[in-house]
Amino acid sequence: MSRRNPENRKYKGGAGRALLVFLLAALILAALVLGALALAELYEQHSLDDFYSALSQSSGTAADDQEVSLPPLATVLPEATAAPQTSASADQTSEWVPQTTLPPSYLEVESDSSAQAVSEKDFDRLRQTMPDIVGWIRLDDSVIDYPVVHGEDNDYYLSHFPDGTKNRFGSIMMDKANSGNFNDNVNILHGHHMRGGSMFGGLHNYESREYWETHKTIRLMTPAGDYDVAVFAAYTVNGYTFAYPTNFDTEEDFDKFLRRAVTSTPYDTGVEVTFDDRILMLSTCAYSFDGARFIVLGTIQGAVPLDPTPRP
């Protein structure tokens, strides 16, 4: 009968203890990293809450300066005249310069309109601290009550508040391909899907018909007036392949887009959508697969219809 070498037992015992010590150290290190990340997120969440709390108190509404009797939903949105935005690479972000004026078309109102375009928000005041602001969206019974900014690219506002403060929660931003004044076929707003539900973290609730039943309308406020947005579709797309259209050359192209949106939505909203409607799209990350994005679509009610003539 063979005898085991005591030296081998010592070696194996020492190796086992070393492995346990290594694993324990790795677990402690992982816990410290996760704790640091959690603290950083809490800090930035606190900064987010402070920013929008201060914003709601100081920028408020047009009634901050005087009593304003808001008319029924504004019935005009001026025609787009702004030049298209140009993109900038991520490494040029530090050289970003905010826009200081709104597109000229925001300053025009149809002369035969019976109601003045009055917004609940005082955009002149808001632009003093948020020069790129182009609108505001609100969804009742949710955290969505945010300004909308339009920068020179789709990078800067992913990690900055509307006033330029750096924060990974970012801002609700209009896609750089849009004109900036809600005059496109599809006006796209991007926002982060935060785990705590901030920004566009709650959009996925529109997967449920029950949620849509109690959140059929999104409020859109702009310098040209305030509008209700009737939600008609909500579904997941592949962010790598989805085209994110802003305008359609033909009605046939629009019909294909609309058909996909309606058939991909797990319930029928019954909202009528036509080629000359202005559409608002809210887009955020989803996690059902790599590159997934969840989008919510609605028609901007009361806006002047787009020219249905096919674009050249």
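Okay, let me start with a cluster: Phe248, Phe254, Phe257 and Phe275 are linked by ring pairs. By a pair I mean rings of Phe, Tyr or Trp (its six-membered ring) with centres within 6.5 Å; planes under 30 degrees apart are stacked, over 60 edge-to-face, and the rest tilted.

Quick housekeeping. This is a predicted model, so to speak of local features we need pLDDT of at least 70, and side-chain atom pairs count only at pLDDT 80 or more, while totals for chains, interfaces and linings use all residues. Residues are numbered from 1 along each chain as its sequence is written, and side-chain values use heavy atoms, with hydrogens and water left out.

Back to the rings. How many aromatic pairs does the structure hold? Seven. One of them is Tyr156 with Tyr157, edge-to-face, 5.1 Å centre to centre with 85° between the planes. Phe248 and Phe254 also make an edge-to-face pair, at 5.5 Å centre to centre and 75° between the planes.

Buried or exposed, those two Phe residues, Phe248 and Phe254? Both are buried, and that means under 20% relative accessible area, against over 50% for exposed and in between for partly exposed (1.4 Å probe, protein chains only). Tyr156 is buried too, at 8%, and Tyr157 comes in at 1%.

There's also a charge on a ring: the charged end of Lys121 sits over Trp136, 4.0 Å from the ring centre. The cut-off there is NZ of Lys or CZ of Arg within 6 Å of the centre and within 35 degrees of the ring normal.

Now the fold. We've got four helices and eight strands, in the order α-α-β-β-β-β-α-β-β-α-β-β. Those are DSSP runs numbered from the N terminus, H or I of at least four residues for helices and E of at least two for strands.

Let's look at strand β2, residues 145-149. Four of its five residues are buried, so the rest of the structure largely encloses it. On one side, β1 (residues 133-138) pairs with β2 in the antiparallel sense over five bridges; pairing takes at least two DSSP bridges between the strands. Arg138 stands opposite Asp145 there. The β1–β2 hairpin has six residues between the strands, and Asp141 takes a positive phi near 60°. β2 also pairs with β3 (residues 172-174), this time in the parallel sense over two bridges, with Met173 as the bridge partner of Val149.

Last, the whole chain: of its 312 residues, 42% are buried.
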